[in-house]
Amino acid sequence: MSVPLSVPLADDTADVPVHRSRPALSPSRASDFKQCPLKYRLRAIDRVPEPPSRAAVRGTVVHAVLEDLFGLPAAERQPERAAELVPDAWERVRAERDGVDELVAANGPQALFDEVRTLVASYYELEDPRRFEPHALEERGGGGRGGAPPASAPPPPAERS
């Protein structure tokens, strides 16, 4: 199976790098393909939106907590402080995404908070966020599923000076 290039090739472009937009083949996308090639196509190529799952919402809240954590000075990035950031991160996720309340309604938000706190605490087992400064935080908005990177995204490596 070949994936068409998103940028047509010109005749005299030997010295100009060509940037091809192809779906990345991550382990989860490879698993999708092995399970069902149509599932892979819908997710990776056509990018058909899927309804959020509880696990996806939990991951989004964890990500929001870590973003907030790295917005703090290094000395304040204590595990206890990270745990305190969970409710505010949840409120932001609720405000940004429709339908997430229904995904946590059965057990209530406190159960989700406990799961998020456990996952954030496990992050401290991997690395200590007090020992370094982040280079940059992810930008919201811009590209996403449309394919174009946000205006503030750095250029591809071939275009950097």
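Visitor: How many helices and strands does the protein have?

Guide: Please bear in mind that this is a predicted model. The protein has seven helices and zero strands, and its pattern along the sequence reads α-α-α-α-α-α-α.

Visitor: What share of the residues counts as buried?

Guide: Of the 161 residues, 22% count as buried. As for contacts with a separation of 6 or more, 58% of them are between residues 24 or more positions apart.

Visitor: How should I read the packing of two helices?

Guide: Two packed helices are described by the angle between their axes and by the distance between those axes. Take helix α3, residues 54-70, and helix α7, residues 108-126: their axes come within 10 Å and cross at roughly 55°. The helices α3 and α7 are therefore oblique to each other, and their crossing is right-handed.

Visitor: Which residues make the contact of α3 and α7?

Guide: On the α3 side they are Arg54, Arg58, Val61, Val62, Val65, Leu66, Leu69 and Phe70. On the α7 side they are Ala111, Leu112, Glu115, Val116, Leu119, Val120, Tyr123 and Tyr124. Sorted by class, this contact of α3 with α7 has 13 nonpolar, no polar and three charged residues.

Visitor: At what angle do α3 and α5 pack?

Guide: Their angle is about 120°, and the axes are 9 Å apart. That makes α3 oblique to α5. The crossing of α3 and α5 is right-handed. From α3 the contact takes Val57, Thr60, Val61, Ala64, Val65 and Asp68, and from α5 it takes Val86, Ala89, Trp90, Arg92 and Val93. The residues of this contact of α3 with α5 divide into eight nonpolar, one polar and two charged.

Visitor: Which residues of the largest nonpolar core touch the most other members?

Guide: This core has 23 residues, and those touching the most other members are Val61, Val65, Leu69, Trp90, Val116 and Val120. The elements giving two or more residues to the core are α3, α5 (86-96), α6 (100-104) and α7. Helix α3 gives the most, with eight residues.

Visitor: What is Trp90 in contact with, leaving aside its neighbours within four places in sequence?

Guide: With those neighbours left aside, Trp90 is in contact with Val57, Val61, Val100, Asp101, Val104, Pro109, Leu112 and Phe113.

Visitor: Is Thr60 buried or exposed?

Guide: Thr60 is found in helix α3. Its relative accessibility is 18%, so Thr60 counts as buried. Not counting residues up to four places away in sequence, Thr60 touches Val93 and Arg97.

Visitor: How should I read a phi angle?

Guide: The general idea is that most residues other than glycine have a negative phi. In this structure Arg47, although not a glycine, has a positive phi of about 55°.

Visitor: Where is Arg47 found?

Guide: Arg47 is found in the loop between α2 (37-45) and α3. At 39% relative accessibility, Arg47 counts as partly exposed.

Technical notes:
Residues numbered from 1 in each chain as written. Predicted model: local features only at pLDDT ≥ 70, side-chain atom pairs only at ≥ 80, totals over all residues. Heavy atoms only, no water. Axes fitted to C-alpha atoms, helices over the stretch in contact; angles between N-to-C directions. Helix = DSSP H or I, 4+ residues; strand = E, 2+ residues; numbered from the N terminus. Parallel < 35°, antiparallel > 145°, perpendicular 65-115°, else oblique. Left-handed = near helix turned anticlockwise from the far one by under 90°. Contact = heavy atoms within 4.5 Å. Nonpolar A, V, L, I, M, F, W, Y, C, P; charged D, E, K, R; others polar. Core = buried A, V, L, I, M, F, W, Y, C linked by side-chain atoms within 4.5 Å. Buried < 20%, exposed > 50% of the residue type's maximum accessible area, 1.4 Å probe, protein only.
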